[in-house]
Amino acid sequence: MNNQSAVSAIEIRDVVKSYRDVAALKSVSLSIPQGSFFALLGPNGAGKSTLISIIAGLVKADAGHVNILGHDVVSDYADARRLIGLVPQELIDEPFFAIQDLLRIQAGYFGFGQEQWPWIDELLHNLGLWDKRKETMPSLSGGMKRRVLIALALVHKPKVLVLDEPTAGVDIELRLGLWTFIRQLHAQGMTIILTTHYLEEAEQLCEQIAILREGQLLALSSTQALLAAHPWEYIEVTLQGENSVLPEALQASVHRQQANKWVLRLPRGMVRTELVANLQQAGCLLSEMRSIEASLEDVFRAMTSKDLL
Amino acid sequence: MIASYRGFITLCRKEVQRFLSVSVQTVFAPLVSTLLYLLIFGQVMPEGASGFDTLSYHQFLLPGLIMMAMLQNAFSNSSSSLIQSKMYRNLDLLLLSPLSPLAIFLAFVVGAVVRGLMVGIAIAVVASFWVPMPVTHLAWVIVFALLTTMVLGALGFLAGLWADKYDKLAAFQNFVILPLTFLSGVFYSVAILPPVWQTATWLNPFFYMVDGFRYGVLGVSDVSPWLSLAVTFGFMLVLSMVTVSLLARGWKTRR
């Protein structure tokens with residue numbers, strides 16, 4: 001491991017933030033490696049956006065430190081901000097300037113002049129904004145505005161890109177196009193940090209996942225390890241006959257049901273023969289039985305739902 | 001260092017382009033309204049209101065009106081730019097940039113100064129066709145025009161920082177800026193006021209800006225231009241330090 005990769009893309013240490021009496025973040029610490037595709041997940045109000053805003057410098061932490069590639073976001077804010085691009089969750093407007101001018105102005109804030117214009121044009125093309133470059137934000141649809149926000153976050157070619165709910169309210173076609181583009185950036189070495197409510201997106205894209213709940217870090221692991229560590233396994237059982245009834249002993253394990261098909265949530269390691277024996281003792285005729293891999297959504301629900309803990 | 005300079009210049013340009021893109025509202029409208037003031041007040045006010053025997057009331061009034069327009073427009077520029085950025089949420093784009101609080105503050109002030117001067121020069125040029133305006137001390141005119149637009153640009157920035165909705169900003173404009181402007185000796189000489197109002201006027205910082213500027217244009221003033229310079233400069237310094245410090249702390253911006 002060389003020195004460059006030894007430095008984390010983002011290093012968060014004991015970050016605390018409260019809004020009046022409400023604790024948004026309770027001493028959160030985590031490290032995001034360079035070049036990773038990282039998901040920050042959690043239910044509404046978990047503190048994701050607050051943490052992201054602290055990383056980007058939009059919110060000041062009450063205590064703790066955040067470094068971006070070794071640069072403190074408070075004491076060394078100028079260098080830290082040059083290294084990060086943020087796509088905020090909420091849409092913005094700017095009625096005075098056309099999209100292309102807005103991007104050039106944003107690049108100018110970071111010290112770039114005309115030498116950055118080819119990159120800005122490339123962004124406009126890649127994000128499907130070229131035809132809209134002379135228009136202003138208020139004339140664009142929500143999906144188009146979201147693309148502009150992504151372009152704005154990338155004008156200075158940051159090393160770390162943070163996307164806060166980038167696909168909220170975005171149609172499927174745009175979502176797929178967006179992820180293709182983001183994957184390209186990641187392949188070029190950019191660290192991507194993502195919050196999303198679409199957990200299948202996080203599962204497909206991200207190598208590492210952190211889960212927050214009520215301002216605390218519940219889990220920090222690779223996606224595979226997180227799925228493997230899930231204490232439950234899911235088995236789909238199909239019984240013969242449309243009016244089949246599952247034995248009483250297994251009713252408590254039903255995860256979901258459709259006609260004569262049940263998905264049972266059972267403790268990992270439960271012997272299958274035990275399950276088959278249970279069914280046979282109750283006189284059930286087994287038509288089919290198969291194992292279903294736990295999804296990130298299952299893991300997420302188990303970790304963030306108080307009832308299941 | 002060069003990157004910071006480029007960032008600052010970019011924001012300055014943006015602030016100027018913003019108001020120029022709506023120049024009918026930001027430059028021509030104040031020009032027309034000020035000329036109307038000159039026309040109406042010049043007709044209805046008695047000649048003695050200037051307090052100076054050697055000057056016609058029109059001559060006395062014009063520098064005051066120019067100053068009033070400059071300070072109101074300088075204030076409007078920075079305050080409305082900032083509150084609009086907050087309302088449209090595009091202020092975040094600026095806050096995500098590496099620009100320092102001082103650079104952000106100064107760029108907004110530059111925008112305010114440019115608009116204030118453009119309005120002031122436009123009024124002076126048009127009005128000079130029917131009111132002679134011999135400039136007695138050009139250096140004082142430049143100093144007070146610059147300082148005043150800087151002060152009001154800074155004050156507008158502070159008001160924009162404080163206000164979280166248009167209503168609050170309008171209140172600041174109507175209950176602070178407007179009374180201070182109208183009671184600053186734009187329309188009359190302080191010498192003709194009763195003692196109580198004279199004392200109240202000494203406490204109004206806008207009075208020193210108007211009086212100093214009038215000295216530069218006409219060569220007459222109610223107080224020494226040096227006193228006016230000291231008060232205006234001191235006001236600007238304190239205001240700038242407070243505003244930059246609040247911005248650096250993230251007051252009303254970085255939540």
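Reader: Let us start with chain B. How many helices and strands are there?
Author: Chain B of this predicted model has 10 helices and zero strands. Along the sequence the pattern reads α-α-α-α-α-α-α-α-α-α.

Reader: And how does the radius of gyration of chain B stand against the globule rule?
Author: The radius of gyration is 18 Å, close to the 18 Å that the rule gives for 255 residues, so chain B is as compact as a globular protein of that length. The C-alpha trace of chain B spans about 60 × 35 × 35 Å along its principal axes.

Reader: What share of the residues of chain B counts as buried?
Author: The share is 55% of the 255 residues. As for contacts in chain B with a separation of 6 or more, 82% of them come from residues 24 or more positions apart.

Reader: I would like to look at helix packing. At what angle do helix 2 and helix 3 of chain B cross?
Author: Two packed helices are described by the angle between their axes and the distance between the axes. For helix 2 (residues 23–44) and helix 3 (residues 57–87) of chain B, the axes cross at roughly 150° and come within 10 Å.

Reader: Does that make them roughly parallel or roughly antiparallel?
Author: Angles over 145 degrees count as roughly antiparallel, and helix 2 and helix 3 of chain B are therefore roughly antiparallel to each other. Helix 2 of chain B passes helix 3 of chain B in a right-handed crossing.

Reader: Which residues meet there, and of what class?
Author: From helix 2 of chain B the residues include B:Thr26, B:Pro30, B:Tyr37, B:Leu38 and B:Phe41. Their counterparts in helix 3 of chain B include B:Tyr57, B:His58, B:Leu61, B:Leu65 and B:Met68. By class, the contact between these two helices has 10 nonpolar, six polar and no charged residues.

Reader: Turning to B:Ser240, where is it placed, and is it buried or exposed?
Author: B:Ser240 is in helix 10 (residues 225–248) of chain B. The relative accessible area of B:Ser240 is 17%. Buried means under 20%, so B:Ser240 is buried.

Reader: What does B:Ser240 touch?
Author: Apart from neighbours within four places in sequence, B:Ser240 is in contact with B:Phe105 and B:Ala154.

Reader: Now chain A. Where is A:Leu140 found?
Author: A:Leu140 is in the loop between helix 5 (117–126) and helix 6 (142–154) of chain A. With a relative accessibility of 7%, A:Leu140 counts as buried. Not counting residues up to four places away in sequence, A:Leu140 touches A:Ile99, A:Lys132, A:Glu135, A:Lys145 and A:Val148.

Reader: How far apart are A:Leu140 and A:Ile54?
Author: They are 86 residues apart in sequence and, C-alpha to C-alpha, 29 Å apart in space.

Reader: Finally, backbone angles. What is the phi of A:Asp14?
Author: Most residues other than glycine have a negative phi. A:Asp14 is not a glycine, yet has a positive phi of about 50°. A:Asp14 lies in strand 1 (residues 10–19) of chain A and, at 44% relative accessibility, counts as partly exposed.

Reader: And what is the phi of B:Arg89?
Author: The phi of B:Arg89 is near 70°, also a positive value in a residue other than glycine. B:Arg89 is placed in the loop between helix 3 and helix 4 (91–95) of chain B. At 29% relative accessibility, B:Arg89 counts as partly exposed.

Note on methods: Residues are numbered from 1 along each chain as its sequence is written. Chains are lettered from A and ligands numbered from 1 in the order in which they are written. This is a predicted model: local features need pLDDT of at least 70, side-chain atom pairs count only at pLDDT 80 or more; totals for chains, interfaces and linings use all residues. Side-chain values use heavy atoms; hydrogens and water are left out. Axes are lines fitted to C-alpha atoms, for helices over the stretch in contact, and angles run from 0 to 180 degrees between N-to-C directions. Helices (H or I, at least four residues) and strands (E, at least two) are DSSP runs, numbered from the N terminus. Angles under 35 degrees count as roughly parallel, over 145 as roughly antiparallel, 65 to 115 as roughly perpendicular and the rest as oblique. A crossing is left-handed if the near helix is turned anticlockwise from the far one by less than a right angle, and right-handed if clockwise. Contact means heavy atoms within 4.5 Å. Ala, Val, Leu, Ile, Met, Phe, Trp, Tyr, Cys and Pro count as nonpolar, Asp, Glu, Lys and Arg as charged, and the others, Gly among them, as polar. The radius of gyration is taken over C-alpha atoms; the globule rule is 2.2 Å times the number of residues to the power 0.38. Buried means under 20% relative accessible area, exposed over 50%, partly exposed in between (1.4 Å probe, protein chains only).
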